[in-house]
Amino acid sequence: MAAGKFNVLFSDLDGTLIFSASRKKVGDIVIEHKDGEDISCVTARQAELLPNIGNIIPVTTRSVEQYRRIEFPKGFAPEYALCDNGGTLLINGESDGPWLERSADIFREAMEDISRFRALLERDPDRRFEVRMVDGFFLFTKSANPVLTLARLGTGESCECFATGEKVYVIPKRLNKGAAVKRLAELIGLPREGIFCAGDSLMDVPMLNAAHTAIFTENIPEYKITAPERIQRPANGFSEFVTEMAAALQRR
Ligand SMILES: [Mg+2]
């Protein structure tokens, strides 16, 4: 990727570039399995387009292990990918050392808040899963009542708490997807005008706001998005729309 000369599409994965196998229709292609079950899919049209697309940078909350489980259509091999909500940068599939060290420094600044939230989660009566530290960058658990769990957590100076479905996350503010997109854009010399970001959940808002053009689903209220250009789309068919958009940007 000759950075700086191209428009780059930073894309969330689950619900944005790929979708859950629970929404699989005839013709869709399963790209992730776990314990014998289908986990994620792309459409046939996406499978046709993706191998010729070189301007997508995945930005995901997935751990590196979960990211590597995805079998993208042959030929689609992103040069850069951000995992752990931006804490880890993969360059051609390998974790970048300096990036990881910088992330660890940023994480340490949020340690006090992380410990406090961890203790709160440990004794949350609605918790339905262990409190897990993902790749050393954020806390993850599941709650039977995420709204109540979030209310009990309250707010933190250096961390933010999110829920998507039953999943609950506590993430250092300076290690969010938006901070990661800005860090990487600077590293590869990409001006804001060239930054397109796509996402489908509130955890993607910081990244969408780091973009010049934000592409997001109806799950995200438009007033939360401050990017100069905004494209809001239905959640249904979003992954194909995002892929078509990346292909069109590449032809510009
Ligand atoms: Mg998502």
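I am working with a predicted model, where local features need pLDDT of at least 70, side-chain atom pairs count only at pLDDT 80 or more, and totals for chains, interfaces and linings use all residues. Residues are numbered from 1 along each chain as its sequence is written, and side-chain values use heavy atoms, with hydrogens and water left out.

I looked up the strand order first. Five strands form an open sheet, ordered 5-1-13-14-15, with parallel pairing. Strands here are DSSP runs of E, at least two residues; helices are runs of H or I, at least four; both are numbered from the N terminus. Two strands pair if DSSP finds at least two bridges between them. Strand 5 (56-58) and strand 15 (229-233) are the edges, each pairing on one side only. From one strand to the next, the twist averages 20°. I then checked strand 1 (residues 8-11) against strand 13 (residues 195-199): four bridges, parallel. Leu 9 stands opposite Phe 196 in strand 13. Helix 6 (residues 177-188) lies across strands 1, 5 and 13, at about 150° to strand 13. Angles run from 0 to 180 degrees between N-to-C directions, with axes fitted to C-alpha atoms, for helices over the stretch in contact. Contact means heavy atoms within 4.5 Å.

**Magnesium site.** Which protein donors hold the magnesium ion? I found Asp 12 (OD), Asp 14 (O) and Asp 200 (OD), 2.1 to 2.2 Å from the ion. Donors are N, O and S atoms within 2.8 Å of the metal (3.2 Å for Na, K and Ca); water is not among the atoms, so sites may look incomplete. The spacing along the chain is D-x1-D-x185-D. Asp 12 is in the loop between strand 1 and strand 2 (19-20), and Asp 200, 188 residues apart from it, is in the loop between strand 13 and helix 7 (205-208). Both Asp 12 and Asp 200 are buried. Buried means under 20% relative accessible area, exposed over 50%, partly exposed in between (1.4 Å probe, protein chains only).

**Helix 5.** In helix 5 (residues 146-153), I list Pro 146, Thr 149 and Leu 153 as buried. They cover an arc of only 60° around the axis, so they sit on the same side of helix 5. The arc is that of the directions from the helix axis to the C-beta atoms. Val 147 and Ala 151, on the other side, are exposed. The buried residues pack against helix 4 (111-122), strand 11 (159-164) and strand 12 (167-172). Just after helix 5, Gly 154 has a positive phi of about 70°.
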